[in-house]
Amino acid sequence: GSPSFDRRHFPDLPELYSAADEAREIERLYPNAFLLTGIDADKERVKSSLADADLVHFAGHYVTNEKHPLLSGLVLAAGENTPRKEDALLANHEILGERRL
């Protein structure tokens, strides 16, 4: 919920003031929920959590790439170690690759 994304990479995205509250409300509905908000909602943590998740609720931004839809994805937290825009975007092709059937 409400990942702390890098405004240099996504300057047109507005602040989602209620997204963290939304994520906490959803967390209360599920006893075994694993909540990632702010700087903790980075690509590495989200990807590692997806493999074992039965349900995922994302309260944040999703950006589209109309020319290449598999490059559309979830905007995640970025820190000093995420200098490239792609390092803070969990693209559709990555999400599809994480699901183990």
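Helices (H or I, at least four residues) and strands (E, at least two) are DSSP runs, numbered from the N terminus. The model is a predicted one, in which local features need pLDDT of at least 70 and side-chain atom pairs count only at pLDDT 80 or more, while totals for chains, interfaces and linings use all residues. Residues are numbered from 1 along each chain as its sequence is written, and side-chain values use heavy atoms, with hydrogens and water left out.

**The segment before α1**

Ser4 belongs to the segment before α1. Its relative accessible area is 31%, so Ser4 is partly exposed; here buried means under 20% relative accessible area, exposed over 50%, and partly exposed in between (1.4 Å probe, protein chains only). Although Ser4 and Gly38 are 34 residues apart along the chain, their C-alpha atoms are separated by 4.7 Å. When neighbours within four places in sequence are left aside, Ser4 is in contact (heavy atoms within 4.5 Å) with Gly38, Ile39, Leu76, Ala77 and Ala78.

Ser2 is also found in the segment before α1. The phi angle of Ser2 is near 50°, which is a positive value in a residue other than glycine.

Arg24 is located in helix α1. This arginine counts as partly exposed because its relative accessibility is 37%. Between Arg24 and Leu35 there are eleven residues of sequence separation, and their C-alpha atoms are 7.5 Å apart in space.

Helix α3 comprises residues 92-98 and contains Glu94. With a relative accessible area of 15%, Glu94 is buried. Its side chain makes a polar contact with the side chain of Lys43 at 3.0 Å. A polar contact is a pair of N or O atoms within 3.5 Å; within protein, one must be able to donate a hydrogen and the other to accept it, and residues adjacent in sequence count only if both atoms are side-chain atoms. Beyond neighbours within four places in sequence, the residues in contact with Glu94 are Lys43, Lys47 and Leu89.

**Charged pairs**

Side chains of opposite charge can pair when their charged atoms come close. A salt bridge is defined as a side-chain nitrogen of Lys or Arg within 4 Å of a carboxyl oxygen of Asp or Glu. By this rule there are ten salt bridges, and the table presents some of them.

| Salt bridge | N to O distance |
|---|---|
| Asp40 and Arg45 | 3.5 Å |
| Glu86 and Arg84 | 4.0 Å |
| Arg84 and Asp87 | 3.0 Å |

Asp40 and Arg45 also belong to a network of salt bridges that links Asp40, Asp42 and Arg45. Asp40 is partly exposed, at 38% relative accessibility, and Arg45 is partly exposed as well, with a relative accessible area of 37%.

Arg84 takes part in a salt bridge with Glu86 and in another with Asp87. Arg84 counts as partly exposed at 48% relative accessibility. Glu86 is partly exposed, with a relative accessible area of 48%, and Asp87 is partly exposed at 21%.

**An aromatic pair**

A pair of aromatic rings is described by the distance of the centres and the angle of the planes. Rings of Phe, Tyr and Trp (its six-membered ring) pair if their centres lie within 6.5 Å; planes under 30 degrees apart count as stacked, over 60 as edge-to-face and the rest as tilted. The count by this rule is one aromatic pair. It is formed by Phe5 and Phe10, which are edge-to-face, at 6.2 Å centre to centre and with 80° between the planes. Phe5 and Phe10 are both buried.

**The largest pocket**

On a 1 Å grid over the protein atoms alone, a pocket is an open set of points where a 1.4 Å probe fits, with protein on both sides within 12 Å along at least five of seven lines; lining residues have an atom within 4 Å of a point. The largest pocket is lined by 26 residues, and those nearest its centre are Phe34, Ala53, Leu55, Val56 and His57. The elements that give two or more residues to this lining are α1 (19-29) and α2 (43-50).

Val56 is placed in the loop between α2 and β1 (62-63). Its relative accessible area is 52%, so Val56 is exposed. Val56 and Ala33 are 23 residues apart in sequence, with 9.5 Å between their C-alpha atoms.
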